[in-house]
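Have the viewer open while you read.

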Amino acid sequence: GEAEAVPGAHLVLGIVLEPAEEEGMFAVNSVMKGSVCDMHTNIRKGDTLVAVDGVSTRNRPLEDVMEMMIKAYSFSLHRDIKPLASFHYNVSLPKPITMMNPMPP
């Protein structure tokens with residue numbers, strides 16, 4: 001089925017997404033230690049995914065978002081530092097995560 005389009009995508013990415021407080025958005029539930037996202041990005045639990053390669057992820061099914069992320073060179077995220085501030089940041093990868101060794105042997 002549709003859900004099988006990206007088997008184990010979270011294992012490849014090293015992050016688990018969950019629905020965010022903001023309607024139609026996904027937040028980072030966890031970052032797997034030793035994963036590409038852990039070692040090559042500053043993505044943290046609680047950050048909200050905004051865009052993948054400049055394309056908004058709002059109101060897209062999780063499967064689509066995961067598939068986009070696996071092929072991506074960049075992610076845009078939003079972080080709240082309660083109660084003080086919030087900011088957007090971008091993560092750039094030298095190549096898509098699937099081309100990088102996701103987990104140490």
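**Overall layout**

Keep in mind that this is a predicted model. The protein has three helices and six strands, and reading from the N terminus the order is α-β-β-α-β-β-α-β-β. Of its 105 residues, 37% are buried. If you look at contacts with a separation of 6 or more, 47% of them link residues 24 or more positions apart.

**The largest pocket**

If you want a spot to look at, the largest pocket comes in at about 240 Å³. Its lining is made up of Ala20, Glu21, Glu22, Ala27, Gly46, Thr48, His78, Arg79, Asp80 and Lys82. By type, that lining splits into five charged, three polar and two nonpolar residues. Which element gives the most to the lining? That's strand β5 (residues 74–81), with three residues.

**Tyr73 and its neighbours**

Now on to Tyr73, which sits in the loop between α3 (62–70) and β5. Leaving aside residues up to four places away in sequence, Tyr73 touches Asp53, Val91, Ser92, Leu93, Pro94, Lys95 and Pro96. One of these, Val91, is 18 residues from Tyr73 along the chain, and their C-alpha atoms are 8.4 Å apart.

**The aromatic pair**

How many aromatic pairs does the count come to? There's one aromatic pair, formed by Phe87 and Tyr89, whose ring centres are 6.1 Å apart. Why is the pair called tilted? The ring planes are at 50°, and the tilted class takes whatever falls between the under 30 degrees of stacked and the over 60 of edge-to-face, so this pair lands there.

| Residue | Relative accessibility | Class |
|---|---|---|
| Tyr73 | 43% | partly exposed |

The classes follow from the cut-offs, because buried means under 20% relative accessible area and exposed means over 50%, with partly exposed in between.

Definitions and conventions:
Residues are numbered from 1 along each chain as its sequence is written. This is a predicted model: local features need pLDDT of at least 70, side-chain atom pairs count only at pLDDT 80 or more; totals for chains, interfaces and linings use all residues. Side-chain values use heavy atoms; hydrogens and water are left out. Helices (H or I, at least four residues) and strands (E, at least two) are DSSP runs, numbered from the N terminus. Buried means under 20% relative accessible area, exposed over 50%, partly exposed in between (1.4 Å probe, protein chains only). Contact means heavy atoms within 4.5 Å. On a 1 Å grid over the protein atoms alone, a cavity is a set of points where a 1.4 Å probe fits but cannot get out, and a pocket is an open set with protein on both sides within 12 Å along at least five of seven lines; lining residues have an atom within 4 Å of a point. Grid points are joined across faces, edges and corners, and a volume is the space filled by probe spheres set on the points. Ala, Val, Leu, Ile, Met, Phe, Trp, Tyr, Cys and Pro count as nonpolar, Asp, Glu, Lys and Arg as charged, and the others, Gly among them, as polar. Rings of Phe, Tyr and Trp (its six-membered ring) pair if their centres lie within 6.5 Å; planes under 30 degrees apart count as stacked, over 60 as edge-to-face and the rest as tilted.
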